[in-house]
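Biologist: I want to learn to read a sheet and a helix in a model. Where do we start?

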Amino acid sequence: MKTTLTALQIEGNLLAPDMTAQMLEGSIKGQLPEDFGFNKTDKLADEIATAWGDAKAYWAAFQRALARLDENNSATTITRELWTVPLLQSLGYEPVYTATAEVVEGQTYAISHRAESGENKPPIHIIGCRLEIDKRPPSGTPRLSTHALVQEYLNKTEHLWAIATNGFRWRLLRDSSLMTRLTYIEFDLEQILSGENFAEFGLFYRLFHRSRLPEGIDDADKCLLEYYHQEALQQGGRVRDRLRDGVEKALIQLGTGFLQHPQNEHLRQKFSNNYELVFYRQLLRLIYRLLFLMVAESRNLLIGDDVEKARIYREYYSIERLRELAERPHWRREGFQDLWQGLRVTFLLFDENWRGKYLGLSPLNGDLFGSYTLPALDDCTIDNHDLLVAIRELSLYQDKGQLRRVNYTALDVEELGSVYESLLDFHPEISPKNCEFKLAFGSERKTTGSYYTPPQLVGQLIKTALEPVIDEKLRSTKEKLRNAESNTSTTLSNHQELEKALLDLKIVDPACGSGHFLLAAARRVGKELAKIRTGEAEPGSEPLKLAIRDVIQNCIYGVDLNPLAVDLCKVALWIEGFSRGLPLNFLDHRIKCGNSLVGVMDLSCLDEGIPDEAFKAVTGDDKKLSTQLKKRNKNERKKAGQLSIGEKLETDSVDYAEMWRQLGVIPETTPQQVKDKQKQYKENLQESSWWLKYSACNLWTAAFFMSLTEHHLQLLPTTEALNRLKREKVEKILKSEDNYELRITNYELNKIVDAANKLSEKKHFFHWCLEFPEVFEQGGFNCVLGNPPWERIKLQKKEFFASQSAEIANAVNKGAREKLIKELPKKNPELAQAFEEAKHDAEAQSKFIRESSRFPLTAVGDINTYAVFAETVYKIMASPDSQGGIIIPSAIVTADTTKEFFSFVATQGHLSTVSRSKTFEN
């Protein structure tokens, strides 16, 4: 059911939009006459009609008095006496004026009324209709806007619900001490009364009647408003579950639809080269595009003010048009493909060429809508039937036997994280007989260590780790401004300094997944930034959106091993930071795919050469060759870093941090600027000296991972290769416009470097100091947040075979499984080889963690990733004012293998708090 309520606005999911229809139908709890305090025999519709008649009479008298009032008068008295108090009485209240402001924690709260006489009755704050709820009066008194005053009062007291109104706009507010966004339910009664909108007044009555709010503090959690809110949260959970199912079914439908279409023979031919994962990632990106447009359209973020252009977009190009087609009860396969071709045209409206500007559409651009980001699908086609079935799966869900529409207006960006979580349980498979696309249950979640974190835990970490960093940054900046020698600084320049201080914050999640923590961090810093810009404690939605966008552009960093997670994290940040008329943020230089635990942390290790233990033999390695390489490398290390007198490395004079800083300040207000930023980033990565350092880091790291066999002998990097690289020249060979191939002039050395760089790309080596040089020049990040994976480094055989061989994975016991594995070389040599390679990789990573000297405190015993992540978090923080907040097992405190690390952070003053959650299980 689609319901358009023009005078109702719900922010922060206090109420599920579907519930409004249920209230109007009377099909939800609390909508019987006796629930409002009437007799069973009374008709609720008659009572609402009576209140409607009263409201129109009060409104007419109020409007006449308002017309006679001096225009400089705030109209507080007549708003209260002629309009709001009489209307509240019609809604079952007996409002009592509160003459004395309440003092809470040293602050005064001048809340004008209570619902009725008595102790701890719900607060009601009424101001004049010529004042705005979201802005402080021009006089500066009171100290906060009406919304901010009531919200802060709720957050600091035991009251749960309250009303705030200026007579025109009526808001229900709820305690939201852990929320970083605006939360309220608002009715525009001026619009309702002026437009004679009885239906929406009926809904207002059903939500604002006295029987909806608590009697006092003690029963606050039992009132009907709280019931509706909790039901909305549970319904949100049901929507998440259904949407997960819907996305899974849509992926299968699209995948099979593309593969089976008779015109896509060229696509089917590609699957002889392990093309499944490439194809799967492209399908996911298509889903992300559809979800993004569904969210943006439902929130009116794309269309400008031109009514005719908006109509053309909605009727001919929008995803809403496809949703309506898909939701029709009857459609069948007719062999047409025009809807897919039309959808491709819709995507072109938003690519880097921004054809949509002729329709007044917002530019999107970026990696999501770039014209070259769906190469596997662009030259393919799909039947209308398959496309509509897929869109139907994204558009509708079953709830309690009823078919409901997914409301993308109210869908939190984090909900997409739960979709991502479920997709990690699967890996793509293609049935060769009938070209059917399947998602098979596998071990992807374990191998990439990606997880979804409950919102309440995210909120706790924001409060305990990020908020102190924000407070300290603002405090120290204000102190500097006070101590400045010149007293000529204006309020405007002070605000600009405070803005700059906040936008200088660097916040990272080293295992960012779908971006849960980064979204929460962007909102929290964004709210603080909007408060400074507007002077309001609870800024309005537009300045808040712009502030969050600026924070995402300047402060937010993330790394994840799973490329699908990186894609989704970008999509989540794009949705959260999207403002009408502005392109999507450029994020490639901040949200990166990489293994946070594998790579160079400090460039000084290059001067010491490659550690001898990098050549320690693991599964598949030649032990004799291992011994020879250790000995050879040891001799080479003695000469490491010995430059001739006066010899200076060319790379030493290049300021990488400045290069990245200059990249960061390129504005992102037009598609061309985003394009320029993308081009500059590519140039940075192809800058000769940076590329040499990057290649040197890859050589150093690759030594731990490359197979020690005669086959690889000519490509194995040792310290000598590292030393020679320092003195080499780089030549750039133009491959295409703005794209160069970089290589070393020495042919033999170039082969070694090329092999190391390819291995880095495959294993996702991540060199923190080179990937984010502008951050590490200032010592590191101001705040590190996250829920890193809790996994043993050792290969788990059952999990590996879960996606490869059900027989081995489901063997009755360990002995039976080992027997089946031993038979693999004869029965399935390809799988046997894959298993050996997986063992080699796991042991090589364990070797790196133990022998690279990056983890002196946690590379002990049976290593678990949470411990080495904890040490990584400590190392990437900028001391002394930085904060890290991560969710890890309590074993970090009690385990013998981590006692040295915990002792270090506890005794050196680096430990702030240790909190325990009984509800979370990763």
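Modeller: Start with pairing: two strands pair if DSSP finds at least two bridges between them. Keep in mind that this model is predicted.

Biologist: In what order do the five strands of the open sheet run, and is the pairing parallel or antiparallel?

Modeller: In general, strands of a sheet pair through backbone hydrogen bonds, either parallel or antiparallel. Here the order is E16-E15-E14-E19-E20, and the pairing is parallel.

Biologist: Which strands stand at the edges?

Modeller: Strand E16 (591-593) and strand E20 (883-886). Each has a single partner strand, so one side of each lacks a neighbour in the sheet. From one strand to the next, the twist averages 15 degrees.

Biologist: How many bridges join E19 to E20?

Modeller: Four bridges join E19 (residues 783-786) to E20. Val784 stands opposite Gly884 in E20.

Biologist: Which helices pack on the sheet?

Modeller: One is H20 (residues 516-534), touching E14 (507-509), E15 (556-560), E16 and E19. The direction of H20 makes about 165 degrees with that of E14. Another is H22 (residues 563-576), touching E15 and E16. The direction of H22 makes about 170 degrees with that of E16.

Biologist: Now a helix. What span should the 25 residues of H2 have?

Modeller: At 1.5 Å a residue, H2 (residues 44-68) should span 36 Å. Its end C-alpha atoms are 36 Å apart, which agrees.

Biologist: Which residues of H2 are buried?

Modeller: An α-helix has 3.6 residues a turn, so residues three or four places apart point the same way. In H2 the buried residues include Ile48, Ala51, Trp52, Ala55, Trp59 and Phe62. The buried residues of H2 pack against helices H3 (76-90), H5 (189-194) and H6 (198-208).

Methods: Residues are numbered from 1 along each chain as its sequence is written. This is a predicted model: local features need pLDDT of at least 70, side-chain atom pairs count only at pLDDT 80 or more; totals for chains, interfaces and linings use all residues. Side-chain values use heavy atoms; hydrogens and water are left out. Helices (H or I, at least four residues) and strands (E, at least two) are DSSP runs, numbered from the N terminus. The expected span of a helix is 1.5 Å times one less than its number of residues. Buried means under 20% relative accessible area, exposed over 50%, partly exposed in between (1.4 Å probe, protein chains only). Contact means heavy atoms within 4.5 Å. Axes are lines fitted to C-alpha atoms, for helices over the stretch in contact, and angles run from 0 to 180 degrees between N-to-C directions.
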